[in-house]
Structure formats: C-alpha cells, structure tokens
Amino acid sequence: MAVEQPLRTPAPTSGDQTRIHNIGYRSYEGPRLGRSYARLSLYSQSLRGSYGLGRSAKSKVLPMLLFVVMCIPAAIMVAVAVATKVKELPVDYTRYAIIMQAVISLYIASQAPQSVSRDLRFKTVPLYFSRPIETADYVRAKFAALTSALFILTATPLLVLYVGALLAELDFADQTKGFAQGLVSVALLSLLFAGIGLVIAAVTPRRGFGIAAVIAVLTISYGAVSTLQAIAHVQDSSQAIAWIGLFSPVTLIDGVQSAFLGASTTFPGGVGPSNGEGVVYVLITLGLIAACYGLLTRRYRKVGL
Amino acid sequence: MYDPTVARLTYRALLGRRRALILGALPLLLIAISVAVRVLAGADDQTAADVLGGLALATMVPIIGVIAGTGAMGPEIDDGSVVYLLSKPIKRPTIIYTKLIVAIAVTMVFSAVPTLIAGFVLNGNGQQIAVAYTVAALVASIAYAALFLLLGTVSRHAVVFGLVYALVWEALFGSLVPGARTLSIQQWSLAVAQKVSGGDLVTSDVGLTTATILLVVVTVLATWYAGQKLRTLTLAGEE
C-alpha cells in the first residue's frame with residue numbers, strides 16, 4: 001500500500017536523521033453525510049433497538065411479547081364484534097390505552113433504560129459526540145425514537161380495532177372520529193411516558209435500578225392518585241377528584257382526553273375535569289413533556305466531555 | 001451460615017450513595033398519603049384497609065422486594081465482580097443465605113415499618129388493621145426477597161421478570177382470574193394478616209394452612225435453588 005513512500009536515500013552519516021515516512025494513509029474525499037444524517041441514523045437505530053431489532057434474540061423476546069399482549073385484546077374484541085354483529089365496539093378507542101396501562105408501563109420501563117442507560121454505563125456517550133452530533137441531537141433522537149416506539153405499541157391495537165370496526169360495518173364517520181381522537185390521545189401519552197421514562201433512566205444508569213425506578217414512578221403515582229380519588233369520591237368532594245388527577249401521568253392523559261377528546265373518564269364517579277380544568281390538564285401535560293426534554297438536555301450537557 | 005463481611009458489602013450495594021434515598025422515597029410517599037387521607041377523610045377503618053391493602057401491600061412491598069432482592073445479587077453478577085466473592089473460601093449457599101438475610105431486612109425496614117406508621121396515622125390501629133397489614137408486609141418481605149434473589153441469580157433480566165410477576169400476575173391476573181390468586185405471595189401474606197386482625201376488613205382467598213405451607217416452601221426452595229445456581233454460575237458478557 002505504501003505507494004508514495006519516498007525511496008530511502010542512503011543517509012549521510014552526519015546531520016538530521018529524522019524523517020517523516022508517508023505510509024500511505026489516504027484522506028477521505030467521499031460525500032460527508034453530516035449532522036442530520038447522523039441524527040437520523042441514531043433515531044432509526046434506537047427505534048429498531050426498542051423492539052430488539054438488530055440485537056440478540058433474547059432481547060427481542062420482551063418487547064415483542066408486550067407488543068403481542070397489547071394487540072391480542074383488540075383482536076379478540078374485533079372478532080367478537082364481527083361475530084355478534086353489535087352496533088358498538090366494547091371499548092372506546094381512547095379507553096384502550098388506559099386499560100392496558102400496565103403493559104405500557106412495563107414496556108417503557110424495560111426499553112427506556114435499554115435506550116439510554118447502557119450508553120451511560122459503558123461510557124460510550126463520548127463516541128456519539130465524536131460524530132458531528134450535538135447534545136441536543138442525541139436527546140432529540142432518543143426522545144423521538146422512544147416516543148415512536150411507544151406510539152407504535154399503543155396505536156397498532158387502535159388500528160386493529162378501527163379496521164375491525166370497518167369490517168364489521170359499524171358507522172364509518174363515528175368510528176373514524178373515535179379513531180382520530182384515540183390517535184391524538186396515544187400520541188400525547190407516548191410523548192409524556194417516553195419523556196418521563198428517559199429522564200429517570202438517564203439519571204439511574206445502574207442495571208435494574210432504572211427499570212424499577214420507572215415502574216415505581218408510574219405505578220405508585222397512579223396507585224396513590226386513584227386511592228386519593230376514591231377517598232375524595234366517598235367524601236363527596238368531587239371538586240378535589242379532578243385536581244388530584246393532575247399528579248400521575250395516566251390520570252393526566254385520562255383527564256385531557258375526557259375534557260377535549262370525547263372520552264369517558266375512569267375517574268371515580270365518572271366525572272372528568274370540566275373544560276377549565278381540562279386546560280390546566282393540557283398545560284401540565286405539555287409542561288411536563290417540555291420539562292422532561294429540558295432535564296434530558298441538562299443531563300447530557302456534561303456527559304461525554 | 002452468616003458472613004458479616006458479605007452482609008456489609010451487600011448493605012453497601014443496596015443502600016450506598018443515593019440508593020437509600022430512592023428506596024426511602026416510596027415509604028415517605030406512603031406516609032405522606034396517609035397523612036393527607038387522615039386530614040381529608042378522618043379516621044375510617046375501611047379507608048385505612050383500602051390504602052394499606054391497595055397501596056402498601058399490593059404495590060409498595062413487591063417493588064421494594066424487587067429492588068432489594070434482585071439488587072442484592074444481580075448487579076454483582078452483571079458487572080462480573082462476583083468472581084472476587086466466589087473465589088473466597090466461603091460456601092456458595094452461605095453467600096446466598098447472607099444476601100437473603102440482608103435483602104429481607106432491607107425490605108422489611110422499608111416496607112413493614114412505614115406500613116405500621118401509615119396504619120397508625122390512618123386510624124390509630126383500629127380493629128388491629130395496622131398490625132395486621134404490618135404482619136402481612138413482614139411475611140411478604142421474606143417470600144418476595146427469597147423469590148427475587150433467586151431471579152437475580154438466575155436471570156440477567158431479573159427486575160423485569162420480578163415486576164411482571166408482581167404487577168401483571170398478582171395485580172392484573174389476580175383481579176381477573178380467581179385461580180391466579182392462589183399462587184400469589186400477596187394473598188398468602190393476607191391470609192396470615194386475616195388471622196391476626198380477626199375482623200372482616202382483611203380477607204384472603206387462601207386458607208391459613210395452605211398459605212403458611214406455600215410461603216415456607218417458596219422461601220426455602222427459592223433459597224436452596226439460588227445456592228445451587230450460584231455453585232454452577234457461568235459469567236457472560238453483556239447481551
């Protein structure tokens with residue numbers, strides 16, 4: 001390979017002995033794909049990784065299993081609806097994610113640490129930043145990838161329900177409206193859950209701890225909020241129910257969709273937040289998503305430098 | 001059978017640095033909720049039973065059990081530092097036994113003690129509810145710690161499997177399929193609690209005899225099998 005290596009002239013015995021040898025390194029002259037391409041690669045890599053694609057067979061098991069578990073009830077409902085020729089699907093589009101929240105929580109708890117904790121634990125983050133991407137690109141790519149993965153997880157069963165409803169010849173306009181509302185709701189849910197999961201996973205890089213921390217935050221907050229709501233319902237303080245609902249991600253989404261997306265609420269008493277309270281719900285949801293993004297950016301500002 | 005040095009190292013792995021804060025956050029939240037409920041609703045036996053049963057025993061004890069049980073063994077196997085421990089002249093079952101004691105102690109301190117405090121805050125131990133749920137939390141701590149310690153020894157994804165058991169099997173299937181309740185540590189410990197309280201606020205689907213036998217069998221079997229697994233442990237790289 002050493003094409004351009006200069007021929008060694010017999011060196012004079014005295015004088016400068018040092019010489020830089022050209023051993024044939026070539027400089028790269030092809031196209032440079034740049035920052036946006038690197039970001040896109042990181043995004044697709046992370047998204048594939050969230051379902052175990054491009055990873056070992058063992059790590060495909062859990063996400064695929066959760067995905068199947070997520071879709072089976074929808075398939076069963078559709079089968080029943082087609083067979084019995086009912087006029088309505090047994091479950092609203094907006095309600096489905098709330099019912100299956102345990103599966104969604106497990107998915108985010110297992111995949112958020114997978115997405116960010118390993119890079120931190122094995123100190124590979126500096127390798128990413130040696131490419132032409134910045135902190136913001138890394139955070140955006142990871143956030144977008146996990147949000148997309150969650151959206152795939154939550155929207156696919158809705159799609160199954162929608163297609164099934166059309167096959168069962170239910171009212172087209174009605175079903176389309178419900179489907180669209182469901183999609184908006186799961187998109188919000190995906191953004192919120194991905195943000196919370198990533199923030200927690202990014203501050204607990206230790207294996208196992210991140211998973212437990214994400215699950216703890218999601219389930220304990222839901223358990224606490226629904227317990228308090230049940231008590232407030234027994235105490236006839238229905239005003240308090242809506243305000244308590246602000247303190248857990250699931251009830252937050254529930255409140256938003258029952259205020260604006262025509263969903264029936266799962267709050268005790270069946271009374272969701274009014275429109276005024278609904279605005280607060282939306283603001284808090286969007287604020288939380290923004291705060292998660294901000295925290296992530298802050299977390300990665302010093303990593304890898 | 002008990003090695004103080006291993007115990008000290010395990011305590012440090014579980015509670016060192018900021019980890020004690022994370023573990024402590026859950027019990028604090030429980031107590032804060034109890035105070036809020038007491039202020040909002042006053043002392044009420046049914047409410048107290050709901051909060052302690054739904055929040056403390058059904059969610060908090062399993063999660064703390066998962067963290068303590070898998071955290072006692074899992075990370076060490078994971079980062080390979082377990083070889084330094086295994087190369088010492090200590091019997092493998094002794095290591096498991098010591099780690100189990102530590103995991104049980106941590107789970108009990110972080111779940112049973114706050115349950116007792118929360119019970120007293122909620123209704124001042126009316127109808128023995130606080131004591132009953134504390135006993136349930138204590139009993140459940142032993143079984144959960146043993147089971148999750150085994151998971152941590154056997155699998156690299158112990159936390160996920162532990163949570164799937166605690167949340168999907170016990171909570172989701174347990175509420176849908178009555179048969180699943182027979183095979184649930186939560187119900188077994190509730191059976192013991194039922195005996196303690198004597199009232200009808202704490203109920204279980206499993207008889208006391210069955211529950212006790214199953215609890216002992218699960219704990220002993222899990223510990224024994226974890227010891228056996230540690231004797232033939234193979235170390236593997238990430239993924």
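**Notes on a predicted two-chain model**

1. Let's start with a helix pair in chain A: α1(A) and helix α6 (residues 135-167) pack with their axes 8 Å apart, at an angle of about 35 degrees. The crossing of α1(A) past α6(A) is right-handed. Keep in mind as you read that this is a predicted model.

2. Who makes that contact? On the α1(A) side you'll find Arg35(A), Arg39(A), Leu42(A), Tyr43(A), Ser46(A), Leu47(A) and Ser50(A). Facing them from α6(A) are Asp137(A), Tyr138(A), Arg140(A), Ala141(A), Lys142(A), Ala144(A), Ala145(A), Leu146(A), Ser148(A) and Ala149(A). By type, the residues of this contact split into nine nonpolar, five charged and three polar.

3. While you're at α1(A), take a look at Gly34(A), which belongs to this helix, residues 34-50 of chain A. Is Gly34(A) buried or exposed? Gly34(A) counts as exposed, because it has 11 C-beta neighbours inside 10 Å, and the cut-off for exposed is 12 or fewer.

4. Now over to chain B.

5. How does the radius of gyration of chain B sit with that of a compact globule? For 239 residues such a globule would come out near 18 Å, and chain B has 18 Å, so the two agree. Along its principal axes, the C-alpha atoms of chain B fill a box of roughly 55 × 40 × 35 Å.

6. Of its 239 residues, 51% are buried. Among contacts in chain B with a separation of 6 or more, 79% join residues 24 or more positions apart.

7. Finally, the place where the chains meet: 31 residues of chain B are in contact with 26 residues of chain A. On the chain B side, α2 (19-41), α3 (45-79) and α7 (158-176) each supply at least two residues. The largest share, 14 residues, comes from α3(B). As for residue types, the side of chain B that touches chain A has 22 nonpolar, six polar and three charged residues.

Methods. Residues numbered from 1 in each chain as written. Chains lettered and ligands numbered in written order. Predicted model: local features only at pLDDT ≥ 70, side-chain atom pairs only at ≥ 80, totals over all residues. Rg over C-alpha atoms; globule rule 2.2 N^0.38 Å. Buried ≥ 20, exposed ≤ 12 C-beta atoms within 10 Å, placed from the backbone. Contact = placed C-beta atoms within 7 Å. Helix = DSSP H or I, 4+ residues; strand = E, 2+ residues; numbered from the N terminus. Nonpolar A, V, L, I, M, F, W, Y, C, P; charged D, E, K, R; others polar. Axes fitted to C-alpha atoms, helices over the stretch in contact; angles between N-to-C directions. Left-handed = near helix turned anticlockwise from the far one by under 90°.
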